[in-house]
Amino acid sequence: MNIVDLLRSSSRQGTQVSRFNIIAAAIIGASGHFMLFFVYKYLLHNDWENLPVRLVGVALCIGVLFRLKNPEFLGKYFVFYWHLMLIYVLPFIITLFLLKNNFQDPWLNWEIFMIFVLMSFVPNFVMFLFDLIVGVAMAFVAFLLLPPPVELAVQFNVFQYGIVAVFSIFAGYMFSLSNIKGIVAQEKNTALQMLAASIAHEMRNPLGQVKFSFEKILHELPVEHQQKIAEYISSEGLDRVYQSVAQGKMAVTRGVQIIDMLLNEVKNKSIDKTAFTYCSCVAVTRKALDEYGYESDRDRRKLTFEYDEDFFIKVDETLYVFVLFNLIINAFYFIKTKPDARITIRIRSDGDRNRVYVRDTGPGIPPENLSRLFEPFFTSGKKGGTGLGLAYCKRVMRSFEGDIVCDSLKGSYTEFMLSFPAVSEKELAVYRKKTIADHAEVFRDKRILLADDEAEGREMAMGYLKHFPINIDEAANGREALEMIRLNRYDVLLMNLNMPVMNGFEAAEAIRAGKAGDSALNIPIIGYTATPSYIASAKTEKVGMQGLIAKPVREFELIRSIGSALKNRPVNGSASFSGLTVMLVDDAHVMRLSIRWMLEKLQINIIEAVNGEGALEHLKYNSYACDLILMDIQMPGLDGLETTRQIRNDHTICGRDIPIIGLSGESDEKEIARALDAGMNDYLLKPVDHQVLVNKIGQWANAELLQ
């Protein structure tokens, strides 16, 4: 550690500013110096007293109280004011009075007291010495300048005084440790309160969207009558149900993202850049706008998307969408007061920087708040806001090597600008070459069926895939694709959803029903469509597709989607899991209910345990326990990690090597590492995705299912 780092560390450790410290410094320092003047001047008849010197100390002590009313008082410069106050009222004043009163016993005692108190307030030894030396040096200068002159005569035992001074430093340090612990506890409590408030506030929007989706589904459902099973639902009503389901699921996904964002912000966790990919800015922005949970069609019509040209940006798609969602949510919040206000999102390319503008014609932001918008926990006019959203957006944009700034005119508009570094053709060529190399083995000798009634669409997709060692067959509609799959084996079906004769939804449903043969039941199906994803996504999931791509199809997205489908082949149909037994260990009843519902549809036998003790008891007293365990990590009593360790190390358990998949709401890498170190084979994040869970079970309980 160099000198600069040492000084910074010492300053940070030696500056303990808490509510208690501020009140103590103000009350004891201000009242003490004021009253001691009269005590020593008129009762004890001190040789030297000075009211102006005392009053300056009183003013400095009272000044720190402004920090209680306004936490931003003096901003980053408050630390200098704090140390100036301590230096003046402790080593400076007391040493000055000690010198001017020629080392009289009362002032020697005060000097010892000063050392103890200063160490209590400044627990870092380097910082303590700095404050002490500066204060004493200032006192000597003032001693020489202030009248009357005094001829010093040292008449005390310096050695004994030194022993008491050293002891005072030690005692003050021990006292300061207790003080620090109290401050840390207070900060933790404050942080937890702010985190709880942040989660409660930020989750209202996605939970509101989920509630709204349920209400729309309820509205579309027919009324039950005893005389008949159900009324008829129109195709338009069914479409609205699918849309509501998709929007509800998107809201849940956003809720999980919000929780991760808040936890990462509190932990100050860095953003993982390894997942960044090159995306079409127009495509990913349009996808975000399609997926956004508008409160009404009227709100949807208030937002306009404009672009003249497209460009690539290197981002994490989820994080970019989060930034856009945050800006759109804020914009809709503020334009509620202006019924005719609108939101416009524009994409512009400008030399070496590409930009996305989010502009609303709402009430605007006061000029004094603009410079602080991206500070954590600062809000401007949003009741109940936490101030974490824009701060996290800033972190995200910086991780993209870009930035986010705001321009606003009070009463007129607010515009946020997201800037991204331009991606050169050379950079794209390097990434394209790497993408092809990374997927070459996965694609090798694979056979893909491309179903599209438009020859232009087939040609574009084939052009993107021409660099891979694969075989591609073509079909003009779903019925033709179904017949070709019945006669041939394919590794992936890539299909346009909107085709004549038989569309993609109908073809996928027929394949999953076995109409193309049992060998095709588990073929990965990827659909692509010009229909907005918020309309098509729930339908594609319902019929058993593994991917959905927006048209026009983009090269990198197509390659990644096919590669993912080949690596994680789906497992569909209950026959694949017939006879399989899974133990589900989770203390949350609703979680067991949800997962059991997923697995029972696949005819999987379920054994439930509400805690680790129950799981161990079952494993010990049953010769054949199960084929796989789904284990919650955070459980009261014996948690999932300790339960797993005991399973792996207990020789009385039959099948100690049984696959165990951990379940947790914590996505932190350390938590995942702890799970694997405890002996778990894999890890899934709650809420559990159905297809991911099914694939994991197929992978660990019966690996040949995926072959």
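This is a predicted model: local features need pLDDT of at least 70, side-chain atom pairs count only at pLDDT 80 or more; totals for chains, interfaces and linings use all residues.

**Reading the sheet, the cores and the ring pairs**

Modeller: Strand 6 and strand 7 run antiparallel and are joined by seven bridges. Within that pairing, V405 stands opposite M417 in strand 7. Three residues lie between the two strands of this hairpin, and G411 takes a positive phi near 85°.

Biologist: Along strand 6, which side chains point to one face and are buried, and which point to the other?

Modeller: The side chains alternate along strand 6.

Biologist: In which sense do strand 4 and strand 5 pair, and over how many bridges?

Modeller: Strand 4 (residues 343–350) pairs with strand 5 (residues 353–360) in the antiparallel sense, over eight bridges. In this pairing, D350 stands opposite R353 in strand 5.

Biologist: Which residues touch the most other members of the largest nonpolar core?

Modeller: That core has 49 residues, and Y320, V356, F400, L418 and F420 touch the most other members. Helix 13 (residues 317–335) supplies the largest share of the core, 13 residues. Leaving aside residues up to four places away in sequence, Y320 touches C281, V284, T285, I313, V315, V356, F400, L418 and F420. A second, separate core of 43 residues includes V64, M85, I93 and L118.

Biologist: How does one describe aromatic pairs, and what are the cases here?

Modeller: A pair of aromatic rings is described by the distance of the centres and the angle of the planes. The count in this model comes to 27 aromatic pairs. F73 and F78 form an edge-to-face pair, with 6.1 Å centre to centre and 65° between the planes. F78 has a relative accessibility of 2% and counts as buried, because the cut-off for buried is under 20%. Ring pairs also link F66, F73, F78, Y81, W82 and F121 into a cluster.

Biologist: What parts of the chain does the pair of F443 and F468 tie together?

Modeller: F443 and F468 are stacked, at 4.3 Å centre to centre and 25° between the planes. F443 lies in helix 16 (residues 425–443), and F468 in the loop between helix 17 (455–465) and strand 9 (471–475), so the pair ties together parts 25 residues apart in sequence. Both F443 and F468 are buried.

Biologist: Where is confidence lowest, and where is it highest?

Modeller: The mean pLDDT of the protein is 82, and 85% of its residues reach 70 or more. Confidence is lowest in helix 8 (residues 158–202), at a mean of 60, and highest in strand 8 (residues 447–451), at 94. Over residues 703–707 the pLDDT is below 50, and this stretch has 11 contacts in the model beyond near neighbours in sequence.

Note on methods: Residues are numbered from 1 along each chain as its sequence is written. Side-chain values use heavy atoms; hydrogens and water are left out. Two strands pair if DSSP finds at least two bridges between them. Helices (H or I, at least four residues) and strands (E, at least two) are DSSP runs, numbered from the N terminus. A nonpolar core is a set of buried Ala, Val, Leu, Ile, Met, Phe, Trp, Tyr and Cys residues joined through side-chain atoms within 4.5 Å. Buried means under 20% relative accessible area, exposed over 50%, partly exposed in between (1.4 Å probe, protein chains only). Contact means heavy atoms within 4.5 Å. pLDDT is the predictor's confidence in each residue, from 0 to 100. Rings of Phe, Tyr and Trp (its six-membered ring) pair if their centres lie within 6.5 Å; planes under 30 degrees apart count as stacked, over 60 as edge-to-face and the rest as tilted.
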